[in-house]
Amino acid sequence: MSDRIIGQVKRVNGPVIEVMGITDAHMFELVRVGQENLIGELIKLDSDCAVVQVYEDTSGIAPYAPVYGAGMQLSVELGPGMIGTIYDGIQRPLEAIREMSEIYIKRGITIPSLNREKKWHFIPSVKEGDNISGGTVLGTVQETENILHKILVPPLDKGILESVVPEGDYTVEDVIAVLRTDDSQTKDLFLMHKWPIRVQRPTQQRLPLDVPLITGQRVIDTLFPVAKGGTVAIPGGFGTGKTMTQQALAKWCDADLIVYIGCGERGNEITDVLTEFPKLIDPRSGRSLMERTILIANTSNMPVSAREASIYTGITMAEYFRDQGYDVAVMADSTSRWAEALRELSGRMEEMPAEEGFPAYLPTKIAEFYERAGSMETLNGDSGSVTIIGAVSPPAGDFSEPVTQHTKRFIRCFWGLDRNLANARHYPAISWIDSYSEYLEEMSSWWADQVGAEWLEDRTEIMGLLHKEVRLQQVVKLVGPDALPDTQRFILEVCTLFKNAFLQQNAYDKIDTFSIVEKQAKMLHIIVMYWKRGLQAIKNGTTLIKLRKIKVYQDIVKMKFTIPNENLSGLDKIEARLERSMDQMEALHA
Amino acid sequence: MLEQENRHLLSGREYIGVNKIDGPLIFVSKTHPVGYRELIECVDADGKVRLGIVLESSTDAVVVQIFEGTAGLTLPNTRIRFSGRPLTISVSKDMLGRVFNGLGHPIDGGPPQRSDIELDVNGMAINPTARQYPRDFIQTGISVIDGMNTLIRGQKLPIFSGNGLPHNELAAQIARQAKIRGTDTEFAVVFAAMGVKHDVAQFFIRSFEESGVLENVALFLSLADDPSIERLITPRTALTLAEHLAFNEDMHVLVIMTDMTNYCESLREISTIRGEIPSRKGYPGYLYSDLAELYERSGMIKGHNGSITSLPILTMPNDDISHPIPDLSGYITEGQIVFEREMDGRGIYPPIAGLPSLSRLMKDGIGEGMTREDHPHLASQLFAAYSYVKDVRNLASVIGEEELTPLDHDYLEFGREFEQKFVSQRKDEERSIEQTLNLGWEVLKFLPVEELHRITEEEIEKFYGA
């Protein structure tokens, strides 16, 4: 080990180690502990003592064990070879670890994050003498069929290009260009560069958030849409479908790249993604979903401090692809586990706790994380976005706990999961009462261009009905539905129809699992039409029973299953038939 | 540095006299550098040996936790011997059919356990890429489980129960009846009892005996009158054997752990004595990670034939599912089987609450080729209809049954039949999956066909109309 010794272990308490005899260590330095070479990060300095959080199990570490410093911060390697890979919380490739240590993750394994042998076909796009700076595209590597990996100058470098290699095959360690900096130093550039995970990558400026991230999930796109570059929280107790929702989004949302962070969750869920994604076909590119996915897995039984690091590792990778001009979506499942990791480490450092044992800096940390999302103009003038979709697991499903409450302050879109809906197996169990989206207004012009101005009216109409229904249900609970006039009972009818035929979506049905926006808008319009015309008919003297018995009703209920995205003409037919039925009814009572 | 190199020579060194004893914790100062989580032996004045592990190690003092309690120890006459290695147990297939204490020492009067394979009881995290996604349906013969909360081989599915509810009976019935259809693989059962009463342990032993599977069961007992601290190591010992049987001996292992609530209480006890900052209800902040270390040890591994299916039992304090123990468990396990006291009161066995119970792995283990093609939709429809029954019952309790619409009456009828015919069964009754599904259709017939939103027309024709 070429690293210098920076001190010796003084005290071991779980993943937190106190180090004495500190010489020249710096904050957040990457360190290795003991003969076992356990990876850690220096998180506190106090005269000649320091605190290190270790990312592996510390069993067997004893006082006086040497601590080595790596001279740099905990960083990730950014370059070709990340897509389709599964990493642990500190970017060690789990597949490669498996080859070395079989079924269990042994300690002290050092393995490069990016494959050192693999050659990539690099096509340069700059020439000698060019003025280059952070973010300049040196050239490209076709990493997968759909992702053209742009090789960027590291954000902080600047100068004149002294040389660049011709088109050809290179590994991530081959020098591909040499830069002469302003103070006449030369610097080698590679296909990859490193970036510290706790530092946001620089950009030129933030752009407005006015394009929705289309997820194909009707309750989300139609009722509570999120913008590309936006932030969402999905809180819900266990069994309400957080992971199912996250996975559905990872499968179907129209981002170019997905970074899926399994943070302190179940091992089998990661395995599920690993077995399912390669088989699923991205409806837009026609390629396997794995070709646009990076997985970070730090399951609940893996070391808790690496769980703390995993979300920073994920977001840094996402920012790197954003800098190449891509729209990236980050799924963090679950941010509560990350907050608990903070709490555990804070407790072991004997810091003063604030609410429920969480450290007082919890809100700051949450804000820092969500602020790394955004739609940005990148250093090279391109534009890209990072959308963060964070699951929150509130204890006992109680949204008043600190992590949910603080998260709500820093996000702009909230999809609250409802226990009662989940119990009735109504999925996605996103509550239409608790949830909200602040992006709606900014994005309404996009929707108007895409599906017509009616969309916003229809949405407003149906949201109004859903809120009225809550009040009516309270009345029904007291006096029964018979006490209500038909016009009000019809509201209940329409809401039930809307819930069954529109909001509820079957992730396992080939057609229903994903709806394009045009289908959503049409379906919504049909249901709103049934409501408006039906209400008129009731006022003219029709009965509820008759409205329910019109033949087209069953077709409306089943349209989500029967009308495929590729051919929406079936919806026009349903609309026409509905119109005719209503006309007939009107004629009867005229 | 010198001391670091000498560590191996120093291990085995013994210290006479300790500085402080507080509950199960002993503080020793001025030792050689001692490794975190190292195994120690503590010898009292009479020469009796107790085991413990290092909880914290520093240049000033070492904190040691004694598993068998500290009763009778004195400050000057207690000797502590450091072993230089973690707590291990020796494991082998011969352990089936025998009874051990929480540390893996035999208590059935038989010879001590000897084997070449010594494993660290703490285990290691399974690499997620090495896992095999579980999808083999286990038929338990219990309708409400097979039909609506299907158990899958390699799953961790806890029973959330309450005091006085028949969770032990259900666990024993599952252990007795569980089978993979079309194969005659038998389950080896690893049973870990933490702080349960003698009668409960006896009940399980008798039940295994009666069904003739006792030679396939290894029992680890840390009963209510054993030192509470031993409970912390009991499930780890049991799971270490289970891992050996599953991944080295290619066996299918069912692990029953009861009662997880007692385990968590012991964890809280230690945490409080150490003066750690508590989170909810005095439980330590790492309760989630600690439970995950246990639950996540179940599963299946690529390239290995064996599996660990675990069935932890926990009694919810005051029947409160939002209590930290069931709450955190529910976040880790792959579903939960929830008992309802009200159903038990009405004499329904098993008293499994339809709505909060859930099996997360069910979706990939049922349907055509695995159970029957109508299973997914039928289960979904039963859930939806039963959920509405609950609403109707609430409404009926306010406005009276007479005021309900005819449709709501149908639902009430359906609800009664569902509970009496489908859910309810005898403690020795074993139903095949076909029987279970047919029963499901039979009770659905109490509803008009228009109400079956979640079932396809073909299925209605084939199963409902018949």
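Buried area here is the accessible area, taken with a 1.4 Å probe, that two parts lose on being put together, summed over both. Before we use it, some ground rules: this is a predicted model, where local features need pLDDT of at least 70 and side-chain atom pairs count only at pLDDT 80 or more, while totals for chains, interfaces and linings use all residues. Residues are numbered from 1 along each chain as its sequence is written, chains are lettered from A and ligands numbered from 1 in the order in which they are written, and side-chain values use heavy atoms, with hydrogens and water left out.

Chain A splits into domain 1 (4-75), domain 2 (118-193), domain 3 (207-436) and domain 4 (452-588), with bounds that come from an automatic or database domain assignment. Let's look at where domain 3 meets domain 4. Over C-alpha atoms, the centres of domain 3 and domain 4 of chain A sit 32 Å apart. The contact (heavy atoms within 4.5 Å) draws 19 residues from domain 3 of chain A and 24 residues from domain 4 of chain A. Together domain 3 and domain 4 of chain A bury about 2,000 Å², and carbon and sulfur atoms give 61% of that. On the domain 3 side, A:Arg218, A:Thr222 and A:Trp432 supply 39% of the area buried against domain 4 of chain A, more than any other three residues.

Side chains of opposite charge can pair when their charged atoms come close. Here A:Arg218 meets A:Asp512, at 3.0 Å from N to O, and the count between domain 3 and domain 4 of chain A is 1 salt bridge. Helix 2 (218-223) and helix 3 (242-252) of chain A each give two or more residues to the domain 3 side, with helix 2 of chain A giving the most, 5 residues. Helices (H or I, at least four residues) and strands (E, at least two) are DSSP runs, numbered from the N terminus.

Elsewhere in chain A, another salt bridge joins A:Lys187 and A:Asp157, with their closest N and O atoms 2.8 Å apart. This pair links distant parts of the chain, 30 residues apart: A:Lys187 lies in strand 16 (residues 186-190) of chain A, and A:Asp157 in the loop between strand 12 (148-152) and strand 13 (158-164) of chain A. Over all chains, the salt bridge count comes to 74.

Now for the partner chain. The contact takes 83 residues from chain A and 76 residues from chain B. The area buried between chain A and chain B is about 6,500 Å², with 55% from carbon and sulfur atoms. There are 3 salt bridges across this interface, and one of them pairs the side chains of A:Asp272 and B:Lys363 at 3.2 Å, N to O. Several elements of chain A each supply at least two residues to the side that touches chain B, including helix 4 (267-276), helix 5 (304-323) and helix 11 (454-479). Helix 4 of chain A provides the largest share of that side, 8 residues.

Strand 1 of chain A and strand 5 (residues 49-58) of chain B run antiparallel and are joined by 2 bridges; two strands pair if DSSP finds at least two bridges between them. In strand 5 of chain B, B:Ser58 is the bridge partner of A:Arg11.

Definitions and conventions: A salt bridge is a side-chain nitrogen of Lys or Arg within 4 Å of a carboxyl oxygen of Asp or Glu.
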